[in-house]
Amino acid sequence: MGADAGEDTRLVGAEVMQALRETGLLAALAPREVGGFQVGPLTEMELIEAVSAVDGSTGWLYWALAGSTARAASMLPAAAVGAVFPPGGPFPLIAFQERAFGNTVVPTRAGLRVDGRWPFGTGAAYADWVLAIGRCASPVYCPWPQAQQLAAVVPASQFEVVDCWDGAGLAATGTVDYRVADVVIPWSRVWPYPVEAPVRGGAHFSFRRAAIKHLGFALGVAKGSIEEFTAHAGHRYGGASRRVPDGLVAQVARSRLAVDAARSLGVEAVTRVWREASDTGAVAESSYRRLRAVARYASEVAFEVCALVARYGDARLVGRQHRAQRALRDIVAGCAHAEMSSLALDEFGRDLLGVEVLGR
């Protein structure tokens, strides 16, 4: 019922957000130094998978908000931690868009003047803080005169949510723009961006984890969809009164096996990069390209599985609120994310062929 309501309100329900907070899921990825649980990357994938299997929008919001909070926490300057993560208080949530999107920030004596708008700030509607990242307008007054970009953490009282997202899929993610209107952020809550190394969290934040999040999302949506479709088809054709469409039985089997195989590949890929990060403190670009290719592959498997409703659907499966229809729309929207571009497979293929990635 919560997922049904979210299709109309374009927000995850209050009871769902309460559950995500109270179970500690939103703190699961964050560094221990700020009160998070700092779970390993494989557990991270599995948590996102489990939430996404229930509802794609909730799974997407979960990885975006928990992931943004964790990543921001890993790079906050020490002087900002007490304000953003006050001891004994509720665990805060931080949303951010990692690119400047043409925004410029201006150093002043008192702090960093921020005036701009950042698109696709998933989770900002629920966040206690956002990050404002922009090109530094001048080295004057800047504690880091060589910095090209700066990041500032801005409290909810000083940013505005701009509701401008109405997607065909992932409708209830609470994806919005956020605007900061001429606010001066004290230097204690500002730092050069991107950071060279995590301030806290160690190897967990020494490499990009976006592909892990997309992988968990794709696997979860695929799992939820195949379970829903199998239950529906089993009920519809379980008796002797209806003829089973040609190819349906074998296709259900292939789909289940494809999801299981993609998951096994995903577990292997995540385990591999985590071992590399733990051993060396970093992950090679080629290793990340492979992980990203695995996530793209899993997304394509998920799309094929979710599309069973188009190949073997019936009148009961065409309703906008039906879980199987939601899953199909959600995976289409998820595949449109830049991180999951089909170029991920091109780049991995070039690695296999020994061709320079930049040579395309």
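This is a predicted model: local features need pLDDT of at least 70, side-chain atom pairs count only at pLDDT 80 or more; totals for chains, interfaces and linings use all residues.
Biologist: Which elements do the buried residues of α7 pack against?

Modeller: Buried here means under 20% relative accessible area. In α7 the buried set includes Leu248, Val252, Val259, Gly266, Val273 and Ala277. The buried residues of α7 pack against α3 (41-54), α6 (210-237), α8 (285-306) and α9 (308-312).

Biologist: And α8, is that helix largely enclosed or open, and how many of its residues are buried?

Modeller: From first C-alpha to last, α8 reaches 31 Å, close to the 32 Å expected. As for burial, α8 is largely enclosed by the rest of the structure, because the buried residues number 16 of 22.

Biologist: Now the largest pocket: which element gives the largest share of its lining?

Modeller: The largest pocket holds about 1,400 Å³ of space. Elements giving two or more residues to its lining are α4 (56-75), α6 and α8. The largest share is nine residues, and it comes from α4.

Biologist: Which residues lie nearest the centre of that largest pocket?

Modeller: There are 46 residues lining the largest pocket. By type, the lining splits into 25 nonpolar, 12 polar and nine charged. Nearest the centre lie Arg71, Glu98, Arg208, Ala210 and His337.

Methods. Residues are numbered from 1 along each chain as its sequence is written. Side-chain values use heavy atoms; hydrogens and water are left out. Buried means under 20% relative accessible area, exposed over 50%, partly exposed in between (1.4 Å probe, protein chains only). Helices (H or I, at least four residues) and strands (E, at least two) are DSSP runs, numbered from the N terminus. Contact means heavy atoms within 4.5 Å. On a 1 Å grid over the protein atoms alone, a cavity is a set of points where a 1.4 Å probe fits but cannot get out, and a pocket is an open set with protein on both sides within 12 Å along at least five of seven lines; lining residues have an atom within 4 Å of a point. Grid points are joined across faces, edges and corners, and a volume is the space filled by probe spheres set on the points. Ala, Val, Leu, Ile, Met, Phe, Trp, Tyr, Cys and Pro count as nonpolar, Asp, Glu, Lys and Arg as charged, and the others, Gly among them, as polar. The expected span of a helix is 1.5 Å times one less than its number of residues.
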